[in-house]
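Work through the exercises below with the model open. Try each task before reading its solution.

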Amino acid sequence: MGTLVAAGACSHILMAPQGVEARASRIVAGIREVGHRLLAKQPDLVVVVSSDHMFNLNLSLQPPFVVGVADAYRPFGDMDIPQDPRPGHRAFAEAFVAHAAARGFDLAKAEELRPDHGVALPMLFIDPERRIPIVPLLVNINMDPVPTAARCHALGGVLRETIDKHRPAQERVAVLATGGLSHWLNVPRHGEVSEAFDRGVLASFERGQPEGLTHLSPAQIVEQGGNGGLEIVNWLIAAGAAPGWKGETVYYEPMPEWFTGMGGMELHA
């Protein structure tokens, strides 16, 4: 059996630091610290859970969940992210898809996925030398109906079962959820950030009770945290893979200048 050795979460955008230099510096340092803590556990691979920003999943294809099953991934290059390829982990991805199917989750597979900033930007700071293989898991929060918080938390449990029951002994796995926190984009409340929502989400993880968020419907999340706030379901996948683990907030900065509540944390047993 494999072992989940690390789990964490962080926001996945960076914008111009002009005028917000101190906060921007703390955010970059925070992302690096989340990554430092994950990589200190010496994982053999990182499952990176993110939304897609209409680069791979668009109106022509709208699955709720997509798993990359390639041997390598070349970033899409948005946000000026270098398009240097990063190794994948096909064997783990295929095992996850197979076990999920047995547990009632029909996950779409992607051989030619090109990660956008949701996956590529955090990994650029966490593993700049591109040594650790990744398995992208995309959650389609742009579709209707949106995968619910409860469904995503349950999928995290299936991910954990894959690690525990269907992977080789000694394999060490980390899970990194990306996205959030609150943000409203291209809607009437465009640019707003809800510090109250963000701190409530972080507090739920810190108490080791993130499942309390699973009762929120997509509409409730949008009302409280914005349409971009739906990305907390990615964090719930990580939590579902690490039941009982408590969160430690590494950084939090409300950043209306970047249209986003920026946060990151480590989960630990």
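## Exercise 1: A tryptophan in a loop

Trp184 is buried, at 4% relative accessibility. The model is a predicted one.

**Task.** Place Trp184 in the fold, and give its C-alpha distance to Gln224.

**Solution.** 
- Step 1. Find the segment. Trp184 sits in the loop between strand 8 (172–178) and helix 5 (195–206).
- Step 2. Check burial. The cut-off for buried is under 20% relative accessible area. Trp184 has 4%, so it counts as buried.
- Step 3. Compare sequence with space. Trp184 and Gln224 are 40 residues apart in sequence, and their C-alpha atoms are 10.0 Å apart.

## Exercise 2: Packing of two helices

**Task.** Describe how helix 4 and helix 7 pack: what are the angle and the axis distance, and which residues meet?

**Solution.** 
- Step 1. Two packed helices are described by the angle between their axes and the distance between the axes.
- Step 2. Read them off. Helix 4 (residues 149–166) packs on helix 7 (residues 232–241) at about 40°, and the axes are 6 Å apart.
- Step 3. Assign the hand. The crossing of helix 4 past helix 7 is right-handed.
- Step 4. List the contacts. Helix 4 contributes Ala149, Cys152, His153, Leu155, Gly156, Gly157, Leu159 and Arg160. Helix 7 answers with Val233, Leu236, Ile237, Ala239, Gly240 and Ala241.
- Step 5. Sort them. The contact of helix 4 with helix 7 has 9 nonpolar, 4 polar and 1 charged residues.

## Exercise 3: The nonpolar cores

**Task.** Which residues touch the most other members of the largest nonpolar core, and which element gives the largest share of this core?

**Solution.** 
- Step 1. Recall the background. In soluble globular proteins, nonpolar side chains tend to be buried together.
- Step 2. The largest core has 52 residues, and Val47, Val67, Phe92, Phe96, Leu107, Leu155 and Phe205 touch the most other members.
- Step 3. Find the main contributor. Helix 7 supplies the largest share of this core, with 8 residues.
- Step 4. Look for another core. A second, separate one has 34 residues, including Val5, Cys10, Ala110 and Tyr251.
- Step 5. Zoom in on Phe205. Beyond four places in sequence, Phe205 touches Pro210, Leu213, Trp235, Leu236, Ala239, Trp245, Lys246, Gly247, Met265 and Leu267.

## Exercise 4: Charged pairs

**Task.** How many salt bridges does the structure hold, and which parts does the Glu161 and Arg103 pair tie together?

**Solution.** 
- Step 1. Count. The structure holds 18 salt bridges.
- Step 2. Take the pair. In the salt bridge of Glu161 with Arg103, the closest N and O atoms are 2.8 Å apart.
- Step 3. Locate both ends. Glu161 is in helix 4, while Arg103 is in the loop between helix 2 (90–102) and strand 6 (108–110), so the pair ties together parts 58 residues apart in sequence.
- Step 4. Glu161 is buried at 18%. Arg103 is partly exposed at 42%.
- Step 5. Turn to other pairs. Arg131 bridges to Glu129, with closest N and O atoms 2.6 Å apart. Arg131 is exposed at 61%. Arg189 bridges to Glu192 at 3.1 Å. Here Arg189 is partly exposed at 32%, and Glu192 is partly exposed at 35%.
- Step 6. Look for networks. Salt bridges link Glu33, Arg37, Lys41, Glu248 and Glu266 in one.

## Exercise 5: Backbone features

**Solution.** 
- Step 1. Inspect omega. Asp144 and Pro145 are joined by a cis peptide bond, with omega about 10°. The bond from Gly180 to Leu181 is cis too, with omega near 5°.
- Step 2. Pro145 lies in the loop between strand 7 (134–139) and helix 4. Leu181 lies in the loop between strand 8 and helix 5.
- Step 3. Inspect phi. Gln42, not a glycine, has a positive phi of about 55°. Asp80 has a positive phi near 60°.
- Step 4. Gln42 is in the loop between helix 1 (21–39) and strand 2 (45–51). Asp80 is in the loop between strand 4 (72–73) and strand 5 (86–87).
- Step 5. Check exposure. Gln42 is exposed at 60%, and Asp80 is exposed at 75%.

Notes:
Residues numbered from 1 in each chain as written. Predicted model: local features only at pLDDT ≥ 70, side-chain atom pairs only at ≥ 80, totals over all residues. Heavy atoms only, no water. Axes fitted to C-alpha atoms, helices over the stretch in contact; angles between N-to-C directions. Helix = DSSP H or I, 4+ residues; strand = E, 2+ residues; numbered from the N terminus. Left-handed = near helix turned anticlockwise from the far one by under 90°. Contact = heavy atoms within 4.5 Å. Nonpolar A, V, L, I, M, F, W, Y, C, P; charged D, E, K, R; others polar. Salt bridge = Lys/Arg side-chain N within 4 Å of Asp/Glu carboxyl O. Buried < 20%, exposed > 50% of the residue type's maximum accessible area, 1.4 Å probe, protein only. Core = buried A, V, L, I, M, F, W, Y, C linked by side-chain atoms within 4.5 Å.
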